[in-house]
Amino acid sequence: MAEEKLSTRHLLGIKDINRNDIELILQTADNFKAVINRPIKKVPALRDITIANIFFENSTRTKLSFELAEKRLSADTINFAASSSSVSKGETLIDTVNNILAMKVDLVVMRHPYAGAGQFLSRHVNAQIVNAGDGAHEHPTQALLDAFSIRQKLGDIEGKKVVIVGDILHSRVAISNILCLQKLGAEVMVCGPTTLIPKHIESLGVKVEHNLIKALNWCDVANMLRIQLERQDIKYFPSQREYAMMYGLNKQILDNLDKEIIVMHPGPINRGVEITSDVADSKQSIILEQVENGVAVRMAVLYLLASQRD
Amino acid sequence: MQKRTLLDGQKFQITIKRLCHQLIENHNDFSNTVLIGIQPRGSYFADRVQNELSQILKKTTIKKGNLDITFFRDDFRRKDGMLAANANTIDFIIEGMNVILIDDVLWTGRTIRSAMDALLAYGRPARVELMVLIDRRFSRHLPIEPDYIGQQVDSLNSQHVKVSWKETEGEDKVILISESNK
């Protein structure tokens with residue numbers, strides 16, 4: 001049995017981990033997927049670990065998924081939402097987290113609206129940090145679960161072609177996905193209106209395409225991102241209807257492609273904008289499998305991090 | 001480093017055959033009994049027992065699964081290094097069945113404690129028995145004793161028992177290894 005461990009104490013972004021780490025996480029997630037499909041879905045592995053879920057930004061899927069992963073591992077959990085806390089009284093991030101850590105917490109899962117919040121915290125507090133999304137920077141567990149889902153569907157990621165469609169500019173999912181898929185040997189393309197593709201993104205080694213049909217004909221997997229209206233400070237396209245006509249994926253487009261592609265979406269879906277209902281609910285869509293895999297992948301991440309002693 | 005051979009060659013085969021006949025004595029035709037090998041090394045032993053039983057009973061329907069105990073261990077974060085998990089392959093129902101837990105070496109009993117917990121996540125077996133090839137007696141940390149024993153050995157804590165299998169290491173053999181400076 002190979003004795004392996006992660007090269008990092010925290011999971012702050014895909015940028016900081018290597019291919020071996022990613023493969024170890026995906027392999028471990030295979031085992032946890034088997035666990036959560038059993039009659040008794042719980043293992044006692046983290047029974048003496050306490051995990052704080054600190055969310056400075058709204059979340060449904062990620063928060064529930066982390067919480068469920070923690071419970072399935074028998075960890076003790078505490079939840080914290082910034083909106084109902086002393087943050088609104090003016091407490092700083094380090095103070096907030098140190099107060100939580102004073103209650104003997106081993107691991108912190110944090111979502112924050114500012115890029116780099118995880119990195120900052122990891123330098124100033126004495127706990128292991130898992131980034132659950134920081135601004136428009138990274139969302140590593142989403143990228144890992146997307147990679148896990150692709151691997152489960154196609155067998156391997158090496159050499160596969162993945163297109164990420166939509167609001168690349170504001171998307172932490174896009175950045176983490178690009179880095180993760182490239183580390184696993186996939187080819188990545190981004191597709192969207194020029195206003196939503198960041199300048200110089202080619203320097204990451206991705207292809208850029210502005211025509212959705214061309215992009216879809218090239219790929220094996222299409223990851224359709226949500227238009228993040230809450231992060232858009234100015235108008236990036238004339239109307240949602242026009243965006244849907246140019247970059248929305250519907251059944252007709254899907255059926256007219258030369259090959260059958262896999263459709264993914266990190267959620268939450270704006271039905272009728274980036275993806276129509278009949279595509280989201282079609283058998284080519286693996287959106288709900290992504291959610292199921294999310295729990296297994298997060299269990300793997302927490303288990304592997306917690307297994308490292310200080 | 002000193003090595004002493006505990007079991008090999010014909011004696012190894014005879015031991016496996018004897019264990020299989022003991023199992024048949026208690027479980028008849030295995031219609032209500034399943035074999036569960038503890039991952040990773042108990043599963044090799046379980047494979048061998050399954051083959052041997054199939055030959056003796058002339059039937060190929062003896063059920064065998066592999067159980068991984070990694071997430072149920074009690075030494076998580078208490079030792080250096082992390083043990084990678086193995087696959088669970090139990091594609092039958094254990095509810096109401098007689099289960100034979102199979103491992104190569106029984107030492108402190110902690111693995112078996114974890115295995116019993118891991119097993120119960122699959123349902124409530126009627127009865128659980130334990131079979132080991134080597135029993136390092138007088139070294140238990142927990143009140144666990146095997147029902148079927150290949151061979152008992154007296155060993156020091158500093159010694160190590162290594163079981164090799166024809167399928168994976170090329171030879172059926174059990175050796176007791178002791179560091180010479182101890």
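**Note on a helix pair, a sheet and the chain contact**

1. In chain A, helix 1 meets helix 11 through Leu24(A), Ile25(A), Thr28(A), Ala29(A), Phe32(A), Lys33(A) and Ile36(A). On the helix 11 side of chain A, the partners are Asn293(A), Val295(A), Ala296(A), Val297(A), Met299(A), Ala300(A), Val301(A), Tyr303(A) and Leu304(A). By class, the residues of this contact between helix 1 and helix 11 of chain A are 13 nonpolar, two polar and one charged. Keep in mind that the model is predicted.

2. Now the geometry of that pair. Helix 1 of chain A covers residues 19–36, and helix 11 of chain A covers residues 287–306. Their axes come within 8 Å and cross at roughly 120°. Helix 1 of chain A is therefore oblique to helix 11 of chain A. The crossing of these two helices is right-handed.

3. Chain B has an open sheet of three strands, in the order 1-8-7, with antiparallel pairing. Strand 1 (2–8) and strand 7 (160–164) of chain B are at the edges. Each has a single partner strand, so one side of each lacks a neighbour in the sheet. On average, neighbouring strands here are turned by 25° against each other, direction ignored.

4. One pairing in detail. Strand 8 of chain B spans residues 173–178 and pairs with strand 1 of chain B in the antiparallel sense, over six bridges. Arg4(B) stands opposite Leu176(B), a residue of strand 8 of chain B.

5. Last, the contact between the chains. It involves 17 residues of chain B and 18 residues of chain A. The chain B side that touches chain A has 11 nonpolar, four polar and two charged residues.

Definitions and conventions:
Residues numbered from 1 in each chain as written. Chains lettered and ligands numbered in written order. Predicted model: local features only at pLDDT ≥ 70, side-chain atom pairs only at ≥ 80, totals over all residues. Contact = placed C-beta atoms within 7 Å. Nonpolar A, V, L, I, M, F, W, Y, C, P; charged D, E, K, R; others polar. Axes fitted to C-alpha atoms, helices over the stretch in contact; angles between N-to-C directions. Helix = DSSP H or I, 4+ residues; strand = E, 2+ residues; numbered from the N terminus. Parallel < 35°, antiparallel > 145°, perpendicular 65-115°, else oblique. Left-handed = near helix turned anticlockwise from the far one by under 90°. Pairing = 2+ DSSP bridges.
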